[in-house]
Amino acid sequence: MDSIRIRGGQTLRGKIHISGAKNASLPLLAASLLTDEPLALSNVPHLVDIVTMASLLGQLGVDIKLNGMPAAGRTGRRMELKASNVSNITAPYDLVRKMRASILVLGPLVARTGEARVSLPGGCAIGSRPVDLHMGALRKLGAEMELDSGYIHARAPHGLRGAEIVFPTVTVTGTENAMMAATLAKGETTIVNAAREPEVVDLAQCLVKMGAEIDGIGSDRLRITGKDKLRGAIHSIVPDRIEAGTFAMAAAITEGELELIGAKLEHLNSAAIVLNEAGVTITETSEGLLVKCAGILRGADIMTEPFPGFPTDLQAQMMALMSIASGASMITETIFENRFMHVPELRRMGANITIHNSSALVRGVPILRGAEVMATDLRASVSLALAGLAAKGDTIINRVYHLDRGYERLEEKLAACGADMERIKAAA
Ligand code: EPZ
């Protein structure tokens with residue numbers, strides 16, 4: 001397993017091209033199952049999770065053409081997906097366990113073929129992460145849902161029919177599964193308490209290009225009028241707001257200045273507000289966002305919430321930043337039950353963090369010290385990289401495959417802006 005070595009203390013300056021959003025790419029790839037015509041996606045990030053989703057779709061019978069590695073410093077590849085006929089309706093355990101977002105093929109498969117067998121994803125490091133809301137939504141649309149030997153077996157031999165779906169909890173991929181299925185259901189579907197994340201909006205906009213009829217895009221109430229079939233489309237994937245927020249915090253933690261090309265302020269809103277409170281200035285430029293730390297970092301409190309609240313996917317990164325702020329910060333995680341795995345690792349670097357149930361009290365310290373640390377999940381591992389950038393001495397992050405799932409060439413992008421950072425290949 002590869003590691004990353006970071007020698008802290010460098011100030012980051014320069015421009016970083018923000019890649020297409022991982023969490024928009026995954027549902028968009030799955031949407032190719034909804035039509036027998038080609039879906040052409042551009043600005044596709046080159047990430048392990050995208051490769052995993054593409055191989056799953058390939059097993060289901062989707063023809064995939066991927067071309068063009070981006071020029072150095074640029075991002076985004078073009079992927080064309082064509083599900084002329086879906087030859088297999090099973091998403092196997094060995095793929096789904098690697099990436100729980102594989103659940104996103106459930107809705108499109110049932111809508112297109114009338115059947116799907118998708119392995120239960122199982123939990124992951126940040127929580128049990130059930131899929132009961134996904135199953136309930138499809139049941140509402142008329143699918144017979146059964147669980148047998150670890151698989152969800154969904155059947156709708158006479159097709160799906162529109163319904164009212166009320167989500168008791170905001171669920172991002174649950175909303176995406178229900179919305180994709182509803183585009184081919186007979187009649188009208190309303191989704192109440194729908195997720196409003198920019199990635200959900202991006203998927204909805206692509207579905208409309210494919211001929212779907214969706215009202216209320218961007219709101220928590222979606223109305224979908226089903227169609228007999230969808231057509232192909234061409235769509236460019238929205239920039240990754242979590243990557244942008246991560247790099248904004250990299251600029252702040254090194255007291256540097258980064259221009260994030262392609263980043264959109266309206267997608268970072270709550271995080272930008274909190275960062276401003278902490279003393280980080282974020283201004284819009286013609287190409288994206290300019291981020292710099294205007295002097296002393298101050299402690300700021302955050303509570304993670306569904307969009308437009310502070311994103312849970314930036315919680316770990318914010319904790320790393322607050323570890324060296326002056327004053328204290330209270331960080332409360334309300335979305336997942338176990339998303340503080342980065343805390344013991346940050347403590348090993350000298351951070352002063354106390355956990356009380358779902359809140360962490362962070363008391364800023366003057367300096368962190370490099371250490372050997374372990375990555376546990378995607379966002380926890382990048383928070384350790386941020387801490388390493390600011391720490392005195394060397395930090396070695398092990399198990400960086402977690403990082404590769406969600407960040408495209410992280411060490412290259414940061415090294416190009418002055419970070420002393422390199423990947424250490426594991427002995428073959
Ligand atoms: C999406 O996961 C993202 N993944 C996650 O990003 C992100 O952290 C999360 O949304 C919250 O924003 C993708 O989009 C691929 P949820 P998702 O359903 O959809 C509970 C990353 O780092 N719930 O919105 O799986 C659930 O346990 C990843 O990029 C149920 O109880 O999250 C959680 O407490 C990590 N039953 C809450 O809802 C269900 O059927 C929100 O989860 C579904 C969810």
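In the predicted model, strand 7 (residues 115-119) and strand 9 (residues 151-155) run antiparallel and are joined by 5 bridges. In general, the strands of a sheet pair through backbone hydrogen bonds, either parallel or antiparallel.

A search of the whole structure for aromatic pairs finds 0. T90, which is placed in strand 6, is in contact with L60, R117 and Y151 when neighbours within four places in sequence are left aside. The relative accessible area of T90 is 19%; because buried means under 20%, T90 counts as buried.

A further open sheet of 4 strands has the order 4-5-3-14, again with mixed pairing. Its edges are formed by strand 4 (63-67) and strand 14 (233-236), each of which has a single partner strand, so one side of each is left without a neighbour in the sheet. On average, and with direction ignored, neighbouring strands of this sheet are turned by 15° against each other. Strand 3 (residues 39-44) pairs with strand 14 in the parallel sense, over 4 bridges. Within this pair, A40 stands opposite I234 of strand 14.

Two helices that pack on this sheet can be described. Helix 1 (residues 22-31) lies across strand 3, strand 5 (77-82) and strand 14, running at about 165° to strand 3. Helix 7 (residues 198-209) touches strand 3 and strand 14, and its direction makes about 155° with that of strand 14.

The largest nonpolar core contains 77 residues, of which V105, L106, M179 and L207 touch the most other members. Not counting residues up to four places away in sequence, V105 touches A30, L33, M53, L56, L57, L60, A91 and V118. A second, separate core has 71 residues, including L258, I302, M349 and V400. In soluble globular proteins, nonpolar side chains tend to be buried together.

Burial was also examined for helix 10. In this helix (residues 315-322), 8 of the 8 residues are buried, so helix 10 is largely enclosed by the rest of the structure. The buried residues of helix 10 are Q315, A316, Q317, M318, M319, A320, L321 and M322.

Another antiparallel pair consists of strand 20 (residues 352-356) and strand 21 (residues 359-363), which are joined by 5 bridges. T354 stands opposite L361 of strand 21. Strand 20 and strand 21 form a hairpin with 2 residues between them, and N357, in the turn, has a positive phi of about 55°.

Technical notes: Residues are numbered from 1 along each chain as its sequence is written. This is a predicted model: local features need pLDDT of at least 70, side-chain atom pairs count only at pLDDT 80 or more; totals for chains, interfaces and linings use all residues. Side-chain values use heavy atoms; hydrogens and water are left out. A nonpolar core is a set of buried Ala, Val, Leu, Ile, Met, Phe, Trp, Tyr and Cys residues joined through side-chain atoms within 4.5 Å. Buried means under 20% relative accessible area, exposed over 50%, partly exposed in between (1.4 Å probe, protein chains only). Contact means heavy atoms within 4.5 Å. Two strands pair if DSSP finds at least two bridges between them. Rings of Phe, Tyr and Trp (its six-membered ring) pair if their centres lie within 6.5 Å; planes under 30 degrees apart count as stacked, over 60 as edge-to-face and the rest as tilted. Axes are lines fitted to C-alpha atoms, for helices over the stretch in contact, and angles run from 0 to 180 degrees between N-to-C directions.
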